[in-house]
Amino acid sequence: MIRNYLKIAWRSLWKEKTFSSLNVFGLSVAFGAAILLSIYSFFELSYNKFHENADNIYQVYHTEYTPKGPEAGIANPLPFAAALKEEVPGVEKITRFNGGGVLASIGDNQVRLQSAFVDPEFFSIFTFPVLKGNKNPVSDKSEVALTEKAAKILFGKETALGKTVKIFIDEQEVPFTVTSIIKNIPAESNIGFDIALNFKSQSQHAYGRNIGRWDNSNHEVYIQLAEGISPAGFEKSTRNFSELHYADAITNAKRDGAKPGKDGQYIQQRLLSVKDLNFVKVENGMAIPNRTYPYLILGIAFLILLIASVNFINMNIAKSSQRLREIGMRKTLGARKIQLFFQFWGESILVFLSATLIGLLIAYLFIEPFQTLFNTSANFNNVIGFRSLIGFSFFIIFITVIAGGYPALLLSKLGTLKALKGKINLQGGNQVRNTLIVVQFSIAILLISGTLVLWNQLQFMRNKDLGFNKEQVISFPLNGKKDDFRTMQLLRNELNDKPGIKSITAANNILGIGKDHSTTTSVMGFEHQGRVVKTNILMVDYDYEGTVDLELIKGRRFDRSRPSDTLSMVINEAMAKELREEDILNSSIILDDSIRFSIIGVVKDYNFQSMDKEIEPLSLFLKPNWNLRYGYVKVAPQNLSNSFNEVKLAWNKIEPNAEFLGSFLDENIDRTLMKERMMTTMISSGSILAIVLSCIGLFAISLLVVSQRRKEIGIRKVVGASVSKITVLLTSDFLKLVGIAFLIATPIAWYFSNEWLQSYPYRMDLNIWIFISAGVIALVIAILTISFRTIRAAMQNPVKSLRTE
């Protein structure tokens with residue numbers, strides 16, 4: 001019986017090759033796109049779940065209540081971890097973590113590696129399997145653990161275990177022994193590194209000078225809770241711990257007028273599940289997991305499938321007018337409703353199975369371009385598993401039952417006589433059809449509106465005046481063996497006579513995100529006029545303000561002819577407001593209880609952090625002999641590429657074994673907008689696909705309408721109706737549906753766009769023209785789609801239409 005149904009279904013589909021091809025094409029593209037988007041979404045949602053103890057692993061952070069309100073922080077002082085484990089019950093295991101980059105060398109082979117300075121317990125908390133060597137990595141200060149990838153980079157095909165690798169620490173090469181080889185870090189991990197070292201192996205600046213100090217925080221802490229201990233219960237039990245070790249900070253907060261949290265605490269230790277690290281959004285001093293983005297992508301995949309399923313329903317209904325006599329004959333010969341239902345449903349199953357297989361093939365063929373376009377490591381291996389395969393199978397069956405079963409049910413219920421006469425009566429089918437068209441175009445307009453809002457916000461941030469010169473300044477990490485001061489001297493000597501080079505400087509942080517993808521934040525608090533003042537700090541070389549073109553609004557810049565400037569500072573406007581001084585240029589601050597720094601200049605506020613943050617207080621200190629980490633070169637606007645090559649050649653001469661990772665600041669700023677660019681591209685792709693699929697469905701409906709109204713068209717032409725009038729008559733009903741879709745989609749799009757924009761302190765002005773443009777785009781595309789068939793029908797010979805009918 002089933003074999004017979006499938007055979008008849010195949011013959012029927014083959015007979016109507018055009019309709020079958022359109023059906024399979026639309027569904028295949030929808031399935032392929034939905035599979036790729038789902039892979040991306042599930043990959044994002046799977047971050048950090050591969051750890052065996054993921055349910056019990058947490059990052060420790062704190063909420064500090066200040067006069068400005070609650071603030072969240074993840075940096076902790078050196079004694080924090082040991083004290084927390086000893087004094088607060090419930091800590092099964094604990095580790096400190098400080099990531100960054102180190103310069104590793106094997107002879108002349110010099111490589112910059114992503115590093116992790118951790119306590120030995122780190123590897124018993126997190127699941128980073130040891131493939132070879134010591135199963136307890138970094139147990140000693142002289143040991144290092146390498147990933148497979150790093151071992152291959154450093155030693156090639158040679159065995160890395162037992163070999164010595166030199167790490168550049170405190171301006172000297174320190175030898176370490178490779179004792180463990182670790183499996184490469186999974187792509188779905190927020191914690192990544194190439195080389196792991198003992199936490200105590202850090203530089204004097206990061207570790208040695210901070211032993212026993214609670215007033216300097218510079219690393220993260222992760223814990224594994226004991227069985228039966230809840231995060232909320234653990235957080236409550238840290239109250240005495242915070243009051244003991246942060247007594248001075250709490251006293252200062254009370255004095256300065258800070259309001260405590262609901263539980264009366266001024267500093268509250270909190271836990272963030274490691275499974276939520278990829279989705280953190282800070283609100284009112286709390287780390288709130290926000291999975292909106294991956295679920296949004298999953299929602300787009302669902303909407304694309306919905307549109308394709310609606311098309312399938314509409315196209316099958318459109319085709320049914322050509323099969324009415326077939327249905328009537330089958331019923332006359334004794335076919336029952338259930339038999340007709342299974343016959344038509346069998347056709348749907350064949351179409352869906354074909355579309356599913358082709359969709360999988362499309363996803364497989366386009367996975368690499370997809371990864372490149374969206375800068376993701378998501379692939380089939382990340383998400384394929386028993387549960388995902390079962391879920392996918394049930395989803396396909398569900399869509400087949402709903403989208404294929406509905407038209408099959410309608411056709412099987414047709415009356416015998418009306419079917420034989422060629423009369424179609426679907427009992428409310430027009431209402432269903434119109435509703436589906438409205439749904440389709442509502443989705444399309446919603447996605448187009450989202451694309452336009454995202455694109456405009458992205459352009460707004462790209463073109464925003466950030467307060468510094470981003471077009472003519474090259475930045476690069478000072479990642480060579482020579483100390484940074486010496487490197488900068490040599491660079492100035494090499495580039496001094498180059499006509500395209502305007503100025504050279506350095507700083508201990510970068511603007512935007514450089515090619516090394518490293519960013520740091522340094523915050524300092526000090527007493528001023530009887531209250532605590534906090535500021536971001538930036539150590540700079542001479543000419544920094546001029547090189548990046550900071551606008552000086554008061555005072556002067558650092559001057560080589562004034563040795564006392566090493567005890568001076570330049571601040572931004574936000575810091576000037578924070579200090580509350582009437583005459584800011586005649587004021588000073590005292591640091592480390594004794595060193596006085598005079599304020600010599602005020603620069604206009606500029607975006608030294610990402611653009612999703614408001615500009616915070618910033619203080620620039622002149623430290624040319626420090627480890628400044630990043631070089632800056634301002635070049636002439638003419639022939640930028642030639643100037644870039646000059647800087648690169650100079651670097652290669654000074655540090656031949658260190659890779660030059662230079663980029664212009666506008667490139668760095670673009671990297672900070674990676675998420676926005678990916679969202680824009682992804683939603684734009686979804687919008688285009690939604691419009692294409694909607695047009696296929698609309699085209700199918702226009703075929704149905706023209707087929708049903710062919711006699712009417714012929715009569716109207718006979719009595720003198722023009723082609724244009726008939727075209728307007730046939731298209732007006734569809735355009736009304738697009739108008740209804742616009743009225744439904746616009747308020748929804750406005751609401752969600754406005755909510756999304758609220759997360760940006762610097763945002764575009766939302767206006768109605770964006771949404772009107774989305775409606776016009778949908779309307780124009782709908783007119784073009786419908787007109788192709790309706791104009792052709794209006795131009796046909798009326799005699800032929802009447803005879804056919």
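## Helix faces, cores and a greasy surface patch

Phe 752 lies in helix α23 (residues 723-757); helices here are DSSP runs of H or I with at least four residues, strands are E runs of at least two, and both are numbered from the N terminus. Keep in mind that this is a predicted model, where local features need pLDDT of at least 70, side-chain atom pairs count only at pLDDT 80 or more, and totals for chains, interfaces and linings use all residues. Residues are numbered from 1 along each chain as its sequence is written, and side-chain values use heavy atoms, with hydrogens and water left out.

**Overall picture**
- The protein has 25 helices and 25 strands.
- Of its 805 residues, 50% count as buried (under 20% relative accessible area; exposed is over 50%, partly exposed in between, with a 1.4 Å probe and protein chains only).
- Residues 24 or more positions apart make up 79% of the contacts with a separation of 6 or more, a contact being heavy atoms within 4.5 Å.

**The surface patch**
- Phe 752 counts as exposed, at 54% relative accessibility.
- Together with Ile 740, Ile 744, Ile 748 and Tyr 751, Phe 752 forms a nonpolar surface patch with about 480 Å² of accessible area (Shrake-Rupley, 1.4 Å probe, only the protein chains shown count as cover).
- Patch members have over 30% relative accessible area and no salt bridge, and nonpolar side chains (Val, Leu, Ile, Met, Phe, Trp, Tyr) are joined within 5 Å, like charges within 9 Å; a salt bridge is a Lys or Arg side-chain nitrogen within 4 Å of an Asp or Glu carboxyl oxygen.

**The largest core**
- This nonpolar core has 45 residues, and Leu 27, Phe 31, Leu 37, Ile 304, Met 682 and Leu 693 touch the most other members (a core is a set of buried Ala, Val, Leu, Ile, Met, Phe, Trp, Tyr and Cys residues joined through side-chain atoms within 4.5 Å).
- Helices α2 (17-45), α9 (292-320), α11 (337-374), α13 (386-412), α15 and α21 (674-708) each supply at least two of its residues.
- The largest share of this core, twelve residues, comes from α2.
- Apart from this core lies another, of 38 residues, including Phe 476 and Val 633.

**Gln 440 and Leu 693**
- Gln 440, in helix α15 (residues 429-463), is buried at a relative accessible area of 1%.
- The C-alpha atoms of Gln 440 and Leu 693 are 8.8 Å apart, though 253 residues separate them along the chain.
- Beyond four places in sequence, Gln 440 touches Leu 693 and Ser 694, among others.
- Leu 693 in turn contacts residues including Gly 26, Ala 30 and Ile 304.
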